[in-house]
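Student: Before we look at anything, could you help me see how the words used for a structure follow from their definitions?
Tutor: Gladly; let us take the model on screen and ask, for each word, what value stands behind it.

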Amino acid sequence: MQFVTRIERSFQKENAPSFRVGDSVDVHYRIKEGDRERIQLFSGVVIAIKGGGMRKSFIVRRIVQGEGVERQFPLHSPRVAEVAVKRHGRVRRAKLFYLRHRVGKATRLEESFQRTDAKSESKSGGQAKK
Amino acid sequence: MAQVALKFLIGRKRGMTQRFTEDGRVVPLTVVEAGPCTVTQIRSAEKDGYAAIQVGFEECRPKVLSRPVLGHLGVLKSESAKADSAAKAGKALRVLREARIKDMPAATVGDVATVAAFEKGELIDVEGISKGRGFMGTIRAHHFNRGPASHGSMNIRQPGSVGSSADPSHTFRGTRMALHLGAKKHTAKNLQVFDVDPNSNLIYIYGAVAGPTGGLVVVKRAKTPPPPRKAPPTVKKASQKGGPEKAKK
């Protein structure tokens, strides 16, 4: 497998967006409408990061008109233009599927101020594992 | 050493991966490290009864090969008369295969074929040896059904009857039974080339190819390309073969 992982590296985004589970993010997603291309925002909480290497993807959850909406994005997709971190949530697990069972105020996550520098931190921590 | 645009390369499967197309779709790919292959012999209809180009792949220590093979490759020649035939000295190549394809390019012994002969979007056949599954029962090998597991059933994975009685007194040929499954040559036909990387001898092929990672494969031009129809939704850059269908879009 090593051979393929090495090759994959060259096709991954060089500066892949870095964020963690629990972060509130704005995903800038390129959408093609006919000939025009525009960027759509999808903002919500990252509830899971899964896969590794080229296959790494993440799930963002938000509430739209009282209905929970989840979208999964491949991290290295050229359509994912940017992932802007709005706020770091303090979470204690890797997958936040428990948020699905919660409604209203209970879905809020405590903000983590320790990780305001998480950008650089998660780069070394999260990315190195690939 | 001249290059030949020979659409027949021996290589090794390096595994599978996925990549994004320009429009953001994910495509499953097999990575094959193919070539460079050296032409080791030209077979002609007059001399050998058929026309073909024999190519060798993967340089190895001469010790690995038998003396007859080394002689064929011209390695021994270079040993005995180093001075005068140094230029013609052959390399010890582990794998030899013959290409019997129509309209073969003119090649001479010593020419080198690389992945550069293939281009994006082209259709190819990829031959490999499938993974061996061992001796498999009829359920696995032929998708037979299973008998009941309980109520005293003695027929759980048995094949059942394999024929009639006194007439015809034998089991018909071709009756499906347990067999040694896999470890057989399998050619994946009409796969599309997603990308070619001549610098590292890599060829990215849409879809799966028989055999384990590291297994030997042969990449060649598609023998029976399908009639034009809806183009596979993969490659943006159209080649001659994938071109006309794409025009609709």
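Tutor: Let us begin with A:Phe113, which is found in the loop between β5 (80-87) and α2 (118-128) of chain A; helices (H or I, at least four residues) and strands (E, at least two) are DSSP runs, numbered from the N terminus. This is a predicted model, in which local features need pLDDT of at least 70 and side-chain atom pairs count only at pLDDT 80 or more, while totals for chains, interfaces and linings use all residues. Residues are numbered from 1 along each chain as its sequence is written, chains are lettered from A and ligands numbered from 1 in the order in which they are written, and side-chain values use heavy atoms, with hydrogens and water left out.

Student: Is A:Phe113 buried or exposed, and what makes it so?
Tutor: Buried means under 20% relative accessible area, exposed over 50%, and partly exposed in between, with a 1.4 Å probe and protein chains only. The relative accessibility of A:Phe113 is 59%, and therefore A:Phe113 counts as exposed. The C-alpha atom of A:Phe113 is separated by 27 Å from that of A:Val80, which is 33 residues apart from it along the chain.

Student: How do you know how many disulfides there are over all chains?
Tutor: A disulfide is a pair of cysteine sulfur atoms within 2.5 Å, and a search of the whole structure finds 0 of them over all chains. Take B:Cys37, which is in no disulfide, the nearest cysteine sulfur being that of B:Cys60, 14 Å away. Seen from the other end, B:Cys60 is in no disulfide either, with the sulfur of B:Cys37 as the nearest, 14 Å away.

Student: Why is B:Cys37 called buried?
Tutor: B:Cys37 counts as buried because its relative accessibility is 0%. B:Cys60 is also called buried, because its relative accessible area is 13%.

Student: What makes strand β4 (residues 37-43) of chain B largely enclosed by the rest of the structure?
Tutor: Of the 7 residues of this strand, 5 are buried, so β4(B) is largely enclosed by the rest of the structure. Over chain B as a whole, buried residues make up 39% of the 249 residues.

Student: How do you know which strands β4(B) pairs with?
Tutor: Two strands pair if DSSP finds at least two bridges between them. β4(B) is joined to β7(B) by 2 bridges, and the two run antiparallel; B:Thr38 has B:Val112 of β7(B) as its bridge partner. β4(B) also pairs with strand β5 (residues 52-59) of chain B, over 5 bridges and in the antiparallel sense, and there B:Arg43 has B:Ala52 as its bridge partner.

Student: Why is the pairing in the sheet of 5 strands called mixed?
Tutor: The open sheet has the order β1-β7-β4-β5-β6 (chain B), with mixed pairing. Beside the antiparallel run of β4(B) and β7(B), β1(B) and strand β7 (residues 112-113) of chain B pair in the parallel sense over 2 bridges.

Student: What makes β1 (3-4) and β6 (93-99) of chain B stand at the edges?
Tutor: Each has a single partner strand, so one side of each is left without a neighbour in the sheet.

Student: How do you know that chain A and chain B are in contact?
Tutor: Contact means heavy atoms within 4.5 Å, and 12 residues of chain A are in contact with 15 residues of chain B. The two chains bury about 1200 Å² between them, 66% of it on carbon and sulfur atoms, where buried area is the accessible area (1.4 Å probe) that two parts lose on being put together, summed over both. In chain A, A:Phe3, A:Phe11 and A:Met54 lose the most area to chain B, together 36% of what that side buries.
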